[in-house]
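Biologist: Hi! Could you walk me through this one in plain words?

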Amino acid sequence: MKLTKKSHACVRLEKDGRTLVLDPGVFTEEDAVLGADVLLVTHEHPDHFDEGRLRAALEANGAAEVWTLHSVAEQLSAAFPGRVRTVGHGDTFTAAGFDVQVHGELHAVIHPDIPRVTNVGFLVDGAVFHPGDALTVPDHPVDTLLLPVMAPWNKISEVIDYVREVRPRRAYDIHDALLTDLARPIYDRQIGALGGTDHNRLAPGTSTEV
């Protein structure tokens, strides 16, 4: 598959002329959803889910589908009947030629006073795992981990331990809009030295094969 990093938590996966887009939110370029055949959304927070972007993608492609959890699906399903599918932990499905497994149930704790929302992670083609806003460890080997490197709910020691626990062949940073360029070398060095895997960072708009 071809993986293209978009800003923050969004990535595009392409194979055999079909395109899957994960978590296009308000920090993501508007063109991130263009041409999408499948859209996956891990949870309802606006940096992962922008309703306007998803509506635009569904209107542009009459065959496009969204697969997500209930809190997101209920905001779209009435306008696009039969094209917005609700999924949860343990589900598997195939969409536009992509095989997807669903892992996880809850968003990471931001603060004990803030209620936790639901959150699912998506393992695509048994290879690329996007955990959303949680440090979910799937019960399946992961070749490429999309690593939430900087968020209000995590710290770098947790990120490093997460990489060690998942043990992917390689990890690419996501959830990085809050990480300044000044701090990136520190994160790159520590995760690369201590994570025990091939740690990488893609600039928005750049691609790699996975």
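Modeller: Happy to! One term before we start: helices of at least four residues and strands of at least two are DSSP runs, numbered from the N terminus. Also keep in mind that this is a predicted model.

Biologist: Great. Where does Ala96 sit, then?

Modeller: Ala96 is in the loop between strand S7 (92–95) and strand S8 (98–103). Its phi is near 50°, a positive value in a residue other than glycine.

Biologist: And how accessible is Ala96?

Modeller: Ala96 has 22% relative accessibility and counts as partly exposed, since buried would mean under 20%.

Biologist: Which loop holds Asp16?

Modeller: Asp16 belongs to the loop between strand S2 (11–15) and strand S3 (18–22). Asp16 also has a positive phi, about 50°, although it is not a glycine. Asp16 is exposed, and its relative accessible area is 72%.

Biologist: Back to S7 and S8. In which sense do they pair, parallel or antiparallel?

Modeller: S7 and S8 pair in the antiparallel sense, over 4 bridges. As one example, Thr94 has Asp99 in S8 as its bridge partner.

Biologist: What holds paired strands together in general?

Modeller: Strands of a sheet pair through backbone hydrogen bonds.

Biologist: What order do the 7 strands of the open sheet follow?

Modeller: The order is S7-S8-S9-S10-S11-S12-S13, with mixed pairing. S7 and S13 are at the edges with a single partner strand each, so one side of each has no neighbour in the sheet. From one strand to the next, the twist averages 25°.

Biologist: Which strands does H4 touch when it packs on the sheet?

Modeller: H4 touches S11, strand S12 (170–174) and S13, and its direction makes about 165° with that of S13.

Biologist: Which residues of H4 are buried?

Modeller: In helix H4 (residues 184–194), the buried ones are Arg184, Tyr187 and Ile191. They cover an arc of only 65° around the axis, so they are on the same side of H4. On the other side, Arg189 and Ala193 are exposed. The buried residues of H4 pack against strand S11 (144–148), helix H3 (156–166) and strand S13 (198–200).

Biologist: New topic: which residues touch the most other members in the largest nonpolar core?

Modeller: That core has 43 residues, and Leu13, Leu20, Leu39, Leu40, Phe93 and Phe122 touch the most other members. Strand S4 (residues 38–41) gives the most to this core, with 4 residues. Apart from it lies another core of 17 residues, including Leu123 and Phe129.

Note on methods
Residues are numbered from 1 along each chain as its sequence is written. This is a predicted model: local features need pLDDT of at least 70, side-chain atom pairs count only at pLDDT 80 or more; totals for chains, interfaces and linings use all residues. Side-chain values use heavy atoms; hydrogens and water are left out. Buried means under 20% relative accessible area, exposed over 50%, partly exposed in between (1.4 Å probe, protein chains only). The arc is that of the directions from the helix axis to the C-beta atoms. Contact means heavy atoms within 4.5 Å. A nonpolar core is a set of buried Ala, Val, Leu, Ile, Met, Phe, Trp, Tyr and Cys residues joined through side-chain atoms within 4.5 Å. Two strands pair if DSSP finds at least two bridges between them. Axes are lines fitted to C-alpha atoms, for helices over the stretch in contact, and angles run from 0 to 180 degrees between N-to-C directions.
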